[in-house]
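Biologist: Could you take me through this structure one question at a time, and let each answer show how it was reached?

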Amino acid sequence: MMSKYILFLSFCFLFTTVLAQKSMTVQTDVSEYWLGAAVNEGEKMPFKQGYSLSLFIDNRGNQTSPVLLSSKGRYIWSERPFSFEITADGVLITSVDSVYVAKAGNTLRDAFVACSKKFFPASGRLPDTLLFTKPQY
């Protein structure tokens, strides 16, 4: 009986999550390029038209973060994973949470500095010294 209840609740959660997804397109021009989201996709950056990735489902073995940075000083950020696709019109974002889009300057560096200050500021504390003194496997 309990397993049927858990299965039912899981189905309800999945169903409401799918229904709650929102899509938006961030308009871009032909000279604006996007980078970020997935460490192991670095050789594919800047992303070209047709590239897509879902941080919800398949991170392709990546360390991922729900942030995209633009060569023109803009960034896209969410507190939760999102899916994105580079299209002829821009970046199509599908998310279950709010997505924050901002212009922070004119360069990739400007976008990163502003986004990191707002959403993941440095703590100023040194990591555990074992990180530097012992082998990492």
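Biologist: Is A37 buried or exposed?

Modeller: This is a predicted model, and within it A37 sits in strand β2. A residue counts as buried when its relative accessible area is under 20%. The relative accessibility of A37 is 7%, so A37 is buried.

Biologist: What is the phi of A37 near?

Modeller: Most residues other than glycine have a negative phi, and most peptide bonds are trans. A37 is a residue other than glycine, yet its phi is positive, with a value near 75°.

Biologist: How many of the 5 residues of strand β2 are buried?

Modeller: Strand β2 covers residues 34-38 and is largely enclosed by the rest of the structure, because most of its residues fall in the buried class; the number buried, out of 5, is 4.

For strand β2, the count of buried residues is 4.

Biologist: Which residue in β4 stands opposite W34?

Modeller: Strand β2 pairs with strand β4, residues 64-70, in the antiparallel sense, and the pairing runs over 4 bridges. In β4, the residue that stands opposite W34 is S70.

Biologist: Is L53 buried or exposed, and what is its relative accessible area?

Modeller: L53 is found in strand β3. Leaving aside neighbours within four places in sequence, L53 is in contact with A38, D58, R60, F82, S83 and F84. L53 is classed as buried, because its relative accessible area is 3%.

Biologist: What distance separates the C-alpha atoms of L53 and A37?

Modeller: L53 belongs to strand β3, while A37 belongs to strand β2. Along the chain these two residues are 16 residues apart, and their C-alpha atoms are separated by 8.8 Å.

Biologist: Which residue in β6 stands opposite S52?

Modeller: Strands β3 and β6 run antiparallel and are joined by 3 bridges. Strand β6, residues 82-86, is largely enclosed by the rest of the structure, because 4 of its 5 residues are buried. In this strand, the residue that stands opposite S52 is E85.

Biologist: What is the bridge partner of I86 in β7?

Modeller: Strand β6 pairs with strand β7, residues 90-95, in the antiparallel sense over 5 bridges. The two strands form a hairpin, with 3 residues between them. Within β7, the bridge partner of I86 is V91.

Biologist: How many residues line the largest pocket?

Modeller: The largest pocket holds about 240 Å³ of space. By class, its lining has 8 nonpolar, 4 polar and 3 charged residues. T28, D29, V30, E32 and I86 lie nearest the centre of this pocket, and the number of residues in its lining is 15.

Biologist: Is V30 buried or exposed, and what is its relative accessible area?

Modeller: V30 is placed in the loop between β1, residues 22-27, and β2. Its C-alpha atom is separated by 9.2 Å from that of D89, although the two residues are 59 residues apart along the chain. A residue is exposed when its relative accessible area is over 50%, and V30 is therefore exposed, with a value of 81%.

Biologist: With which residues is F120 in contact, leaving aside its neighbours within four places in sequence?

Modeller: F120 lies in the loop between α2, residues 108-119, and α3, residues 130-133. F120 counts as partly exposed, because its relative accessible area is 33%. Once those neighbours are left aside, the residues in contact with F120 are W77, F112 and C115.

Biologist: What pattern does the protein chain follow when read along the sequence?

Modeller: The protein chain has 3 helices and 8 strands. Among its contacts between residues at least 6 apart in sequence, 63% join residues at least 24 apart. Read along the sequence, the pattern of the protein chain is α-β-β-β-β-β-β-β-β-α-α.

Key. Residues numbered from 1 in each chain as written. Predicted model: local features only at pLDDT ≥ 70, side-chain atom pairs only at ≥ 80, totals over all residues. Heavy atoms only, no water. 1 Å grid on protein atoms, 1.4 Å probe; cavity = no way out; pocket = protein on both sides within 12 Å on 5 of 7 lines; lining within 4 Å. Points joined across faces, edges and corners; volume = space filled by probe spheres on them. Nonpolar A, V, L, I, M, F, W, Y, C, P; charged D, E, K, R; others polar. Contact = heavy atoms within 4.5 Å. Buried < 20%, exposed > 50% of the residue type's maximum accessible area, 1.4 Å probe, protein only. Pairing = 2+ DSSP bridges.
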